[in-house]
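Let's take a walk through this structure together, starting with the whole chain and then stopping at a few spots along the way.

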Amino acid sequence: MPPPDLRAGSGPPESFAALLRRLRESRGLTQEELAARAGLTVHGVSALERGIRRRPYPHTVRSLADALESSATERAALQSAVPAHPPGSDGGTAVSRGLPAPVTALLGREDDVVAVAQALHRSDARLVTLTGTGGVGKTRLALAVAERTGRQYADGVAFVPLAAVDDPALVLPAVGRVTGLPTVEDGDLDGRVVDQLRDAHLLLVLDNLEHLPGAVPVVARLLEQCPRLVVLATSRASLRLRGEWEHAVHPLALPPTAPSDLDQVASAPAGALLLDRARAVSPDFGSGPGGAAAVAALCRRLAGIPLALELAAARARLLDAAALLERLDDAMSRDGAADLPPRQRTMRATLDWSHRLLDPPGRVLLQRLAVFTGGCTLEAVEAVAADLEDPLGSLERLVEHSLVEVSGEGGARRYGMLEPVLQFARSLLDEQEARRARTAHAAFYLDLAEQAAPGYQGAEQVGWLDRAERDAANLAAAVEWWLQAGDGARAGRMAWALWLFWWLRGRLRQGRRLAEAALEQDQPPEVRVRTVLTAASMAFAQGDLPHSGSRWAEAAQLAVALGDLEGQAYAFAGQGLAALGGGAPDRAEPFFAAALAVSERVGPATDWVSALTHVWLGTVRQVSGDPRGAVPHIARGLASARRRGDRLATYVALFGLVQAELAEGRPAAARDHLVEGIELSEQTGDLANLAFFVESLAVVEGAGGAHDRAAVLLGAAHGLREQVGSQVYGYYLPDPALRAQVEAQARAALGDPAVEDALAAGQALDVPAVLALALRRGTPTG
């Protein structure tokens with residue numbers, strides 16, 4: 001077969017993806033064969049040909065050209081087809097995901113930044129671990145290194161904070177969320193995250209790994225299966241993996257023992273940091289007689305540990321340098337466990353000193369705040385401090401003393417502690433106080449979960465989901481506490497209150513584990529019904545139809561025996577879903593009918609499940625060949641959803657109407673419903689739903705003759721499904737023949753190469769670009 005015509009002027013310039021595919025096919029090679037010849041992965045070649053990776057590195061282009069035995073003209077064409085980097089980007093702008101913006105300057109760490117950056121640049125160093133005692137500044141250094149080196153990585157930097165992750169099984173979901181994979185926690189989640197990163201040229205920063213020894217095999221798997229991934233980890237100890245480069249983060253360099261003036265103190269990093277932070281609250285700090293010597297002595301007493309220096313500086317609003325030194329000397333003489341290493345004794349003594357300077361309510365509040373994971377709201381603080389006098393004043397003093405940090409604005413404002421402070425505060429909790437604080441914490445979040453649950457089904461859906469997302473770690477910790485306390489009733493109540501949040505935000509692995517654990521404990525019958533329903537729903541969303549079906553049947557049996565009508569409505573509807581998702585609509589219909597009959601007896605408490613059941617009953621009619629008969633059922637569910645402002649039930653109903661309209665040959669009627677559903681999916685962030693709507697929009701566009709647009713939309717839908725990795729909506733049953741027909745018509749009208757290019761272009765679009773394309777918001781870019 002002759003090579004493709006690469007002469008200038010033969011048409012619009014080919015994309016790198018199209019040109020590579022054309023050259024490969026002209027040699028009669030499969031993607032697997034080309035990958036083997038070029039020393040790349042099959043996934044990597046596929047990503048290049050689909051346009052997902054648009055800027056391959058020069059050595060990758062050379063390897064491909066060599067593998068293809070390309071002529072000089074073909075080599076030049078491949079090189080020129082790689083898009084140029086934006087002007088002024090020095091070879092590319094770093095894409096930063098999850099990277100927090102530092103609020104203060106980094107002082108005294110330039111040599112460390114350079115050394116770590118050089119280590120990362122080595123071809124044989126794909127894991128660099130920053131180690132050091134708590135408070136020495138590992139996280140801050142990692143952020144600086146990420147900022148400095150990010151543009152060296154084609155796919156940028158991803159920062160994954162792990163302090164709030166308490167289960168190694170949730171590390172990969174955390175990575176997936178930060179790197180842009182909307183992680184539906186089904187059985188194949190780990191594989192999807194690894195696949196997404198398999199050919200990524202990315203700096204992955206894993207912060208605070210020391211409390212997750214079980215996560216070390218996860219890091220090893222990422223490094224083994226993702227050959228272009230580079231990991232920068234922070235931990236108090238090395239991970240002990242092959243090829244690991246350890247960079248010990250030492251305390252800051254100290255000023256001389258007898259400085260001549262403050263300038264000499266400030267020339268040392270430890271002195272510069274202490275003066276910078278102290279003068280933020282007391283501009284004249286250290287300027288009095290003997291001030292330079294006192295500041296230098298403070299730096300020595302605090303061993304140059306940045307967090308210790310910051311905590312001491314917070315006292316500068318009340319004490320000058322000499323008085324601060326005197327108080328600190330007294331603390332150091334009495335504090336610190338003798339069996340700890342010197343630096344840890346210094347950090348502990350500094351924290352002990354800061355703690356002792358608090359008034360009694362402040363000390364108690366600091367300890368109680370240790371039960372929170374990932375920070376908390378002011379209302380949550382007040383809940384665990386309800387018996388304290390003036391908890392708001394105590395919180396304010398903790399903030400002033402740098403023991404508590406404030407983040408966010410308005411209703412999203414949160415209060416939290418740096419990890420060394422958090423661990424110190426937890427060490428102060430005796431068993432009795434810990435039980436009291438954790439019970440108050442869990443009671444607050446049980447109340448919040450039950451308050452939020454109805455909100456997930458109404459007009460305030462998005463706001464409640466966002467609030468729950470911010471406190472997801474605390475909500476899970478509360479369930480864990482009820483389980484630890486042997487309170488299966490409260491654990492089950494929380495699981496039921498959280499199931500729809502877990503479903504909509506893809507936290508299925510966590511939700512299923514907690515629900516199943518609650519079922520192992522004693523529960524009142526009415527709570528057990530709902531816990532079983534939760535376990536069934538999580539399994540269904542994960543695609544485990546057999547388990548979900550058996551759990552829904554169990555819930556139905558329990559609810560019937562108990563006379564629990566609300567439980568029966570959910571259980572019967574679930575049994576119908578299991579049958580419908582399993583391809584048995586004839587078995588599903590009686591269950592749906594039973595759920596509706598029970599719901600009518602219950603009233604408003606089952607409006608939500610009743611609305612969806614009407615839609616699912618319409619789906620039964622639709623897949624049974626009666627689209628016209630489906631519409632009244634779906635319309636009734638849609639009316640209920642609109643009345644309650646429920647986005648989820650609304651777009652589920654809209655999708656049902658669209659399928660009926662397409663089956664009846666009314667694509668124009670379907671278009672408006674599709675646009676509305678896409679807009680609602682954007683509001684809820686539901687990419688699984690968005691994929692179904694975009695694919696159906698492609699059917700509409702194809703029916704109208706817009707074949708190129710239809711092909712791009714088909715590619716976009718496929719790309720969204722690859723991101724989500726799970727259907728989630730197992731009860732969505734679009735006619736696959738319609739999709740196949742649209743693609744076939746596009747190939748007939750445009751030709752296979754053009755359609756392949758369009759599919760690849762659609763698949764490469766990010767979510768904002770997919771929305772822009774679907775809603776015609778201008779020209780999307782990939």
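Helices (runs of H or I in DSSP, at least four residues) and strands (runs of E, at least two) are numbered from the N terminus. Counted that way, the chain has 38 helices and 8 strands. How does its radius of gyration compare with the globule rule? That radius is taken over C-alpha atoms, and the rule is 2.2 Å times the number of residues to the power 0.38. The chain comes out at 30 Å, close to the 28 Å that the rule gives for 782 residues, so it is as compact as a globular protein of that length. Along its principal axes, the C-alpha trace spans about 90 × 80 × 40 Å.

Before going further, a word on the ground rules. This is a predicted model, where local features need pLDDT of at least 70 and side-chain atom pairs count only at pLDDT 80 or more, while totals for chains, interfaces and linings use all residues. Residues are numbered from 1 along each chain as its sequence is written, and side-chain values use heavy atoms, with hydrogens and water left out.

Now for the inside and the outside. A residue is buried when its relative accessible area is under 20%, exposed when over 50%, and partly exposed in between (1.4 Å probe, protein chains only). Of the chain's 782 residues, 55% count as buried. As for contacts (heavy atoms within 4.5 Å), take those between residues at least 6 apart in sequence: 71% of them join residues at least 24 apart.

Just after H1, Gly28 takes a positive phi of about 70 degrees.

Further along, Glu433 sits in helix H21, which covers residues 431-452. Is Glu433 buried or exposed? Its relative accessibility is 11%, so Glu433 counts as buried. Leaving aside residues up to four places away in sequence, Glu433 touches Val364, Gln367 and Arg368.

Finally, the cysteines. A disulfide is a covalent bond between the sulfur atoms of two cysteines. Here the test is a pair of cysteine sulfur atoms within 2.5 Å, and the count comes to 0 disulfides. Cys226 is buried, with a relative accessible area of 0%, and Cys299 counts as buried at 0% too.
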